[in-house]
Amino acid sequence: MASVLSYESLVHAVAGAVGSVTAMTVFFPLDTARLRLQGVVNVLLTTPLWVVNTRLKLQGAKFRNEDIIPTNYKGIIDAFHQIIRDEGILALWNGTFPSLLLVFNPAIQFMFYEGLKRQLLKKRTKLSSLDVFIIGAIAKAIATTVTYPMQTVQSILRFGRHRLNPENRTLGSLRNVLYLLHQRVKRFGIMGLYKGLEAKLLQTVLTAALMFLVYEKLTAATFAVMGLKSTQKH
């Protein structure tokens with residue numbers, strides 16, 4: 001035990017810690033890029049499932065928009081088969097471009113959360129649980145509002161069964177994102193890009209606020225267990 005707690009062991013431990021910190025600092029940009037790439041790969045792998053899921057959920061729904069073509073799928077396998085047969089295999093990746101842009105939603109969320117937290121800490125020494133909950137909710141609300149138009153277009157593209165006027169072509173290309181945004185604004189006004197936002201906010205804001213609250217509590221508990229001083233007390 002004495003050899004383990006010796007001065008030489010302490011030197012090695014400190015050297016290892018410094019080396020680890022240095023390596024993490026140098027390669028942190030690569031780690032960030034890796035996380036972003038994981039998000040991109042996840043989008044590419046799961047988009048076909050989301051396309052089929054969206055179409056099955058909306059099947060049988062009555063639409064007032066005559067440009068929308070009704071679907072008739074017997075199940076998941078039949079949906080995949082019909083989409084590939086009638087629209088081509090690339091139709092399974094409808095909505096990929098908006099989905100890739102939506103990868104930045106969490107980045108916007110954390111950016112505003114940290115910014116709001118820093119502003120509050122300038123005026124007080126610590127944040128209460130209510131403070132964390134509120135700024136977490138505000139940060140998520142901002143991120144959701146900023147990216148919601150892309151979520152609207154994403155849903156339309158995933159559904160896919162939509163004609164492009166005046167050519168009467170079926171929608172199936174990512175290059176139609178700008179067209180859809182323009183048509184949405186033209187038909188419903190700027191607020192048409194935010195139809196259903198209230199339900200989305202109720203779905204995501206409270207969840208995100210609770211997540212930030214738990215995150216801060218776990219961080220503080222971890223620092224306490226490790227005997228380290230946290231930069232923020234709750």
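**Exercise 1. Classify P149 as buried or exposed, then place P149 in the fold.**

Step 1. The relative accessible area of P149 is 11%. Buried means under 20%, exposed over 50%, and partly exposed in between, with a 1.4 Å probe and protein chains only. P149 is therefore buried.

Step 2. This is a predicted model, in which local features need pLDDT of at least 70, side-chain atom pairs count only at pLDDT 80 or more, and totals for chains, interfaces and linings use all residues. Residues are numbered from 1 along each chain as its sequence is written, and side-chain values use heavy atoms, without hydrogens and water.

Step 3. P149 belongs to helix α5, residues 129-159. Helices (H or I, at least four residues) are DSSP runs, numbered from the N terminus.

Step 4. Setting aside neighbours within four places in sequence, P149 contacts L181, L193 and Y194. Contact means heavy atoms within 4.5 Å. For Y194, the C-alpha to C-alpha distance to P149 is 6.3 Å, across 45 residues of sequence.

**Exercise 2. Describe the surroundings of K195.**

Step 1. Find the element: K195 sits in the loop between α6 (177-188) and α7 (197-226).

Step 2. K195 has 43% relative accessibility, so K195 counts as partly exposed.

Step 3. List the contacts. Residues up to four places away in sequence are not counted; K195 then touches Y148, R184 and F188.

Step 4. Compare sequence and space. K195 and T152 are 43 residues apart in sequence, and their C-alpha atoms are 8.1 Å apart.

**Exercise 3. Find the polar partner of the N105 side chain.**

Step 1. N105 is part of helix α4, residues 105-121. N105 is buried because its relative accessibility is 7%.

Step 2. Beyond four places in sequence, N105 touches K140, A143, T144, T147 and Q151.

Step 3. The side chain of K140 makes a polar contact with that of N105, at 3.0 Å. A polar contact is a pair of N or O atoms within 3.5 Å; within protein, one must be able to donate a hydrogen and the other to accept it, and residues adjacent in sequence count only if both atoms are side-chain atoms.

**Exercise 4. Work through salt bridges of R55 and K117.**

Step 1. Start with the total: the whole structure has five salt bridges. A salt bridge is a side-chain nitrogen of Lys or Arg within 4 Å of a carboxyl oxygen of Asp or Glu.

Step 2. R55 pairs with E87, with closest N and O atoms 2.6 Å apart. This pair links distant parts of the chain: R55 is in helix α1 (residues 7-58), E87 is in helix α2, and 32 residues separate them. R55 is buried at 0% relative accessibility, whereas E87 is partly exposed at 22%.

Step 3. K117 and E114 form a salt bridge at 3.8 Å, N to O. They are three residues apart in helix α4, so about one helical turn separates them. E114 is partly exposed at 25% relative accessibility. K117 is buried at 11%.

Step 4. K117 also forms a salt bridge with E216, at 3.0 Å, N to O. Here K117 in helix α4 is linked to E216 in helix α7, 99 residues apart. E216 is buried, with a relative accessible area of 5%.

Step 5. Join the pairs. Salt bridges with shared partners connect E114, K117 and E216 into one network.

Technical notes. Helix = DSSP H or I, 4+ residues; strand = E, 2+ residues; numbered from the N terminus.
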